[in-house]
Amino acid sequence: MNSYFKTTTLTLAAAALSVSIAAGAQAREWRGWNIHPPGYSVSEGMEEFARLINEKSGGSLESKVYHNAVLGDQPDAIQQVRLGGLDWAVFNMGPMGEVSPSANIVSLPFIFKSVDAMHGIMDGPVGERISEGLVEAGLQPLGWFDSGARSFYNTQKPINTPDDVKGMKFRVMSNDLYVNMVAALGGNATPLPYGEVFQSLKLGVIDGAENNYPSYDSSGHFEAAKYYSVTEHLILPECLCMNKALYDNLSDDEKKIVHEAAEASVTLQRKLWAEGDEKSKAKVLAAGIEINEIADKTAFQDAMKPVYEQFLAANPDLADLVQATLDAQK
Ligand code: BDP
C-alpha cells in the first residue's frame with residue numbers, strides 16, 4: 001500500500017468514525033411513554049410519530065415508544081416528561097390537571113356536549129390557554145388525540161340514576177375533581193393506577209370504574225365488571241406532548257419535522273379511534289356485557305353543581321375559561 005493510499009484510507013476512516021460519533025451523539029433516543037398495549041389506537045399513533053421522526057430526520061433524531069406503562073404509572077410519567085427523565089408521551093388530560101390547573105377545564109363533568117364540540121374547543125382560544133398552561137408546566141403539546149367519552153361500569157347492576165351510585169366504590173384517575181364527581185353522586189372514589197384496576201375489580205376492592213369502550217375492552221375490565229352504563233360524563237382529549245426544554249433546543253428544521261410527524265400521527269389516531277370505539281363496543285356486547293343507555297342525563301348533570309362550585313371557588317381565575325367553554329357550545 002503506498003503512503004498516499006494509506007493516509008487517504010486512514011483519513012476517510014477517521015472521518016467516517018467522527019461522523020458516526022457525531023450522529024450517535026445527536027441521535028440520543030427519545031423515550032416515549034405509553035400506557036396502552038401495542039395495537040391500541042394511541043399506540044399506533046405514537047408509533048407513527050416515532051417512525052416519521054426517525055424517517056424525516058434521516059436518523060439524526062431517534063424516537064421509540066415504550067408501551068404498557070413499562071416506564072411507570074401515568075402521574076409519575078407526567079412528572080418525568082416535565083423534568084426530562086422521559087422525552088415524550090401521550091397523556092390523558094385527566095391526570096394532567098394535577099400539574100396545570102387550566103388543564104382541569106376539560107375534566108369538569110359534562111363540560112363538552114360531544115366529541116366534536118370538544119375538538120372545536122381544543123382547536124380554539126380555550127385550547128390555546130390550556131396549551132399555555134401545559135407549556136408553563138414544562139410540557140410542549142404537539143397535538144390532541146381522541147379518547148371518546150367515559151362512562152361508569154361496575155360489577156353489580158346497571159346505573160340509571162345518581163341514586164344507583166350511592167354507596168358504591170369506584171376507581172378514578174388521579175385527580176381530586178373525579179373524587180368530588182363520584183362523591184356528588186353519593187358514591188366513594190379511590191384513585192388507583194390503571195394497571196391495578198382489573199385485580200381490584202376481581203377482588204371486590206372496588207365495585208366499578210369508568211372509561212371509554214376501547215380501554216374497557218383492552219384492559220379486560222369488561223371481564224370483571226359486566227354492567228356498562230352510558231353516562232358519558234367525561235370527554236377527555238389526550239395530549240401528544242414532549243419535554244419543553246428538549247423541544248426548545250431543537251432547530252427550526254427539527255421542530256418542523258416534529259410538528260409534521262405530530263400532525264400525521266393525530267390524523268391516524270383519530271381515524272383508528274373511531275374504528276376502535278365501534279369495534280370494542282361490538283366486542284364487549286358479544287362477550288355478554290350489559291350496556292344501558294341513559295336517555296336523559298339531566299339528573300347526573302344537575303348533581304355536578306357542587307363540583308363546579310368547588311372548582312371555581314378554588315380557581316377563581318379560571319371562571320372566564322369555564323364560561324367561554326360553555327358559551328362556545330350554546
Ligand atoms: C384510558 C386513557 C389512559 C388512562 C386510562 C385510565 O387512554 O390514558 O390512563 O384511561 O383510566 O382511556 O387510567
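Trainee: Let's start with the whole chain. How many helices and strands does the chain have?

Mentor: This is a predicted model, so keep that in mind as we go. Its C-alpha atoms fill a box of roughly 90 × 45 × 30 Å along the principal axes. As for the elements in the chain, the count is 15 helices and eleven strands.

Trainee: What percentage of the residues count as buried?

Mentor: A residue is buried if 20 or more other C-beta atoms lie within 10 Å of its own. The chain has 330 residues, and the share that counts as buried is 44%.

Trainee: And among contacts with a separation of 6 or more, what share comes from residues 24 or more positions apart?

Mentor: Good one to ask about how the chain meets itself. Take the contacts in the chain with a separation of 6 or more; residues 24 or more positions apart account for 76%.

Trainee: Which domains does the domain assignment give, and what distance separates their centres?

Mentor: The assignment gives domain 1 (25–147 + 237–281) and domain 2 (152–234 + 290–315). Taken over C-alpha atoms, the centres of domain 1 and domain 2 are separated by 25 Å.

Trainee: Which element gives the most residues to the side of domain 1 that touches domain 2?

Mentor: In this contact, 25 residues of domain 1 meet 23 residues of domain 2. On the domain 1 side, the elements giving two or more residues are helix 3 (74–83), helix 4 (93–96) and helix 12 (252–286). The one that gives the most, with four residues, is helix 12.

Trainee: How do the residues of that side of domain 1 divide by class?

Mentor: Here we look at the side of domain 1 that touches domain 2. Its residues divide into ten nonpolar, eleven polar and four charged.

Trainee: On to helix pairs. At what angle do the axes of helix 7 and helix 14 cross, and with which hand?

Mentor: Two packed helices are described by the angle between their axes and the distance between the axes. The axes of helix 7 (residues 176–184) and helix 14 (residues 305–314) come within 8 Å and cross at roughly 145°. The crossing of helix 7 past helix 14 is right-handed.

Trainee: Which residues make that contact, and what are their classes?

Mentor: Helix 7 brings L177, N180, M181 and A184, while helix 14 brings P306, V307, Q310 and F311. By class, the contact of helix 7 with helix 14 has six nonpolar, two polar and no charged residues.

Trainee: And which hand does the crossing of helix 6 and helix 15 have?

Mentor: The axes of helix 6 (residues 125–136) and helix 15 (residues 319–327) come within 10 Å and cross at roughly 145°. P125, V126 and R129 of helix 6 and L321, A324 and T325 of helix 15 make the contact. By class, this contact has four nonpolar, one polar and one charged residues. The crossing of helix 6 past helix 15 is left-handed.

Trainee: Is L71 buried or partly exposed?

Mentor: L71 sits in the loop between strand 2 (62–66) and helix 3. Leaving out residues up to four places away in sequence, L71 touches R31, W33, Y66, A77 and L86. Being buried takes 20 or more C-beta neighbours within 10 Å. L71 has 19 of them, so L71 counts as partly exposed.

Trainee: What is phi of N68, and what is phi of E232?

Mentor: Most residues other than glycine have a negative phi. N68, in the loop between strand 2 and helix 3, has a positive phi near 60°. E232, in strand 9 (residues 227–235), also has a positive value, and phi of E232 is near 45°.

Trainee: Is E232 buried or exposed?

Mentor: Count the other C-beta atoms within 10 Å of E232, and you get 23. The cut-off is 20 or more. E232 is therefore buried.

Terms used:
Residues are numbered from 1 along each chain as its sequence is written. This is a predicted model: local features need pLDDT of at least 70, side-chain atom pairs count only at pLDDT 80 or more; totals for chains, interfaces and linings use all residues. Axes are lines fitted to C-alpha atoms, for helices over the stretch in contact, and angles run from 0 to 180 degrees between N-to-C directions. A crossing is left-handed if the near helix is turned anticlockwise from the far one by less than a right angle, and right-handed if clockwise. Two residues are in contact if their C-beta atoms, placed from the backbone, lie within 7 Å. Ala, Val, Leu, Ile, Met, Phe, Trp, Tyr, Cys and Pro count as nonpolar, Asp, Glu, Lys and Arg as charged, and the others, Gly among them, as polar. Domain bounds come from an automatic or database domain assignment. A residue is buried if 20 or more other C-beta atoms lie within 10 Å of its own, exposed if 12 or fewer, and partly exposed in between; C-beta atoms are placed from the backbone.
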